[in-house]
Amino acid sequence: MASSRATTIARLSELLSTIETSAKALRDSIQLEEKDLEARESAAYSEHIANNLGLIFHGDPNTASQASVLRIACERLGHLVTPPRHLVFEAAGSFYTTVALQIVLKHDIAALINAASKDYEKEGVSVLDLAQKCRLDADLLARVLRYLSQHGMFQELAPGMFSNTIASATMVDNPEFKAHLDLVMYEGQLAAPYFERFMEERFATSSNAASAVGEPPMSAFALFSGDVPIYKWLHLAPNADRGKNFDLAMRGMGGTEGLAFLPVDYPFGSLPDETVLVDVGGGIGSLAELLLQTLQNIKFVVQDLEAVVSLANNVASPNMKKWIAEGKVTFQVQDFCSPQPTNLNGAVFVLKNVIHNYPDSKALEILAALAPSRPSKLLLIDRMTNPHFRTEATTEAGEAEIYRKMLTGIQHGADAEKTDGGIATTSQGIPTMYDLIMGSLHGGRTRTLEEWRSVLSRGGFKLLKVYPLRASTGQAVLEAVPI
């Protein structure tokens with residue numbers, strides 16, 4: 001289906017205009033003279049987080065939104081000028097990206113380049129030296145690094161001389177991030193061959209099939225594991241190393257998810273003093289550890305299964321031990337599908353990265369266990385996908401409408417009833433990838449705004465507001481109250 005010349009010109013014009021508008025906003029934010037003292041102090045924490053993460057465009061939420069728009073527009077401009085068959089062909093071979101990344105991760109190539117550059121006091125390392133240290137063929141290693149350089153990881157300064165980029169440097173001295181990458185690639189590849197069969201068996205057992213029989217499999221991974229859920233499989237004795245990798249990945253997940261901005265992207269400071277915040281399925285207390293650094297008026301109850309609570313107490317940081325002693329954090333054994341203790345009635349309940357692991361049937365079971373507690377607020381910290389964002393239109397007016405919506409997006413604290421389908425201000429590449437990861441490994445999903453509204457409503461809650469998290473992988477805080 002080819003676009004008309006007029007529509008193509010309109011698309012190009014809208015893209016260039018959007019890029020110019022967003023790029024100007026980013027340039028102005030960098031060149032902006034210092035504001036008055038009060039404004040600087042109010043933004044200091046956001047800027048501190050952004051600087052620590054090396055995110056020059058994310059100290060301010062509006063600038064972060066413009067950066068996201070710029071990325072989307074540039075991606076679409078690249079698609080527009082690329083022959084359509086080339087886009088499809090690149091997708092067909094994209095699994096080589098995973099293969100190449102696994103090789104450089106296993107052999108710690110980024111760290112080797114970093115160390116050698118310091119030792120030799122020069123930028124760039126010979127692939128011959130890297131190959132010798134890794135015991136890999138130099139020619140093939142150069143081709144792997146050259147391929148990854150087309151994805152922003154590594155760069156070839158001269159034939160056979162490679163250095164890190166900002167992207168590949170994230171794999172230096174960062175075991176938690178590397179564990180997260182390893183989890184996505186290793187366990188993902190175990191499940192991937194079963195994904196089509198998972199789809200077929202889901203259809204065969206659904207109401208869409210002419211003669212639906214039996215129960216659908218839990219996930220593609222369950223087809224690989226013989227119906228053993230991934231969380232249980234990870235902690236079987238033969239898979240102990242994978243379980244350790246998973247635990248390490250979860251500890252570092254916040255850096256990838258953009259959760260560091262949570263204290264400033266949701267108004268936790270507006271909660272009344274002595275508010276009790278119940279972190280359901282809260283693991284070892286990472287949310288409490290994050291928020292209590294800046295908020296002194298909240299008390300946490302962190303709930304999880306007995307083994308996790310025991311681990312949390314064993315690995316508690318000095319800060320966590322202090323907060324436990326002060327009564328600001330309490331760990332509690334609790335299954336999230338069981339009724340909550342009555343002494344927590346009216347508390348603020350949080351589900352962080354929980355619901356996306358499950359299909360609607362299980363999600364409703366979790367929500368049903370919370371509803372009798374009549375939370376003053378229910379905060380879901382989770383991802384959203386927004387497939388309603390059209391890729392291309394067939395008319396000039398349609399193209400203009402796409403980019404009008406792109407520049408509008410969901411604002412922080414947007415009224416959930418007034419958004420038109422959840423237009424994204426972030427690239428949908430990672431959220432839609434995570435949607436497949438959730439379906440493949442867990443049988444869960446990454447929901448659209450409308451799907452979130454629906455599952456909450458059926459679970460006894462009304463979605464009120466949406467607070468997107470800047471620099472995230474599609475994460476937002478969805479604020480709901482009991483119906």
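**Questions about a predicted model**

Biologist: Which residues does K328 touch, not counting residues up to four places away in sequence?

Modeller: Leaving those neighbours out, K328 touches L292, Q296, I298, K299, F300 and W323, where contact means heavy atoms within 4.5 Å. This is a predicted model, in which local features need pLDDT of at least 70 and side-chain atom pairs count only at pLDDT 80 or more, whereas totals for chains, interfaces and linings use all residues. Residues are numbered from 1 along each chain as its sequence is written, and side-chain values use heavy atoms, with hydrogens and water left out.

Biologist: Where does K328 lie, and what makes its contact with Q296 polar?

Modeller: K328 is placed in the loop between α17 (318-326) and β6 (329-333); helices (H or I, at least four residues) and strands (E, at least two) are DSSP runs, numbered from the N terminus. The side chains of K328 and Q296 come to 2.7 Å, and a polar contact is a pair of N or O atoms within 3.5 Å, of which, within protein, one must be able to donate a hydrogen and the other to accept it, while residues adjacent in sequence count only if both atoms are side-chain atoms.

Biologist: Why is the pair R242 and D182 called a salt bridge?

Modeller: The term requires a side-chain nitrogen of Lys or Arg within 4 Å of a carboxyl oxygen of Asp or Glu, and the two side chains meet at 2.9 Å, N to O, so the pair qualifies. R242 lies in helix α13 and D182 in helix α9 (residues 175-191), so the pair ties together parts that are 60 residues apart in sequence. Both R242 and D182 are buried, and the structure holds 19 salt bridges.

Biologist: How do you know whether G252 is buried or exposed?

Modeller: Buried means under 20% relative accessible area, exposed over 50%, and partly exposed in between (1.4 Å probe, protein chains only). G252 has 13% relative accessibility, so it counts as buried. This glycine lies in helix α13 (residues 240-257).

Biologist: What makes E201 and R197 a salt bridge, and why does each have its accessibility class?

Modeller: Their N to O distance of 2.8 Å falls within the 4 Å limit, so the pair is a salt bridge. Both lie in helix α10 (residues 195-204), 4 residues apart, about one turn of the helix. E201, at 28%, and R197, at 40%, have values between 20% and 50%, so each is partly exposed.

Biologist: Why is the pair F221 and W233 called edge-to-face?

Modeller: A search of the whole structure finds 10 aromatic pairs. Rings of Phe, Tyr and Trp (its six-membered ring) pair if their centres lie within 6.5 Å, and planes under 30 degrees apart count as stacked, over 60 as edge-to-face and the rest as tilted. The rings of F221 and W233 have centres 5.2 Å apart and planes at 80 degrees, so the pair is edge-to-face. F224 and W233 also form an edge-to-face pair, with 6.1 Å centre to centre and 70 degrees between the planes. Ring pairs link Y194, F221, F224 and W233 into a cluster.

Biologist: Why do W233 and F224 have their accessibility classes?

Modeller: W233 has a relative accessible area of 10%, so it is buried, whereas F224, with 30%, is partly exposed.

Biologist: What makes a set of residues a nonpolar core, and which residues have the most contacts inside the largest one?

Modeller: A nonpolar core is a set of buried Ala, Val, Leu, Ile, Met, Phe, Trp, Tyr and Cys residues joined through side-chain atoms within 4.5 Å. The largest has 30 residues, and those with the most contacts inside it are F349, L351, I366, L378, L380, L456 and F461. Elements giving two or more residues to this core include β7 (348-352), α18 (360-370) and β8 (377-383). Leaving aside neighbours within four places in sequence, L380 is in contact with L351, I355, W452, L456, A476, V477 and L478. Apart from this core lies another, of 29 residues, among them Y266, F300, V309 and V348.
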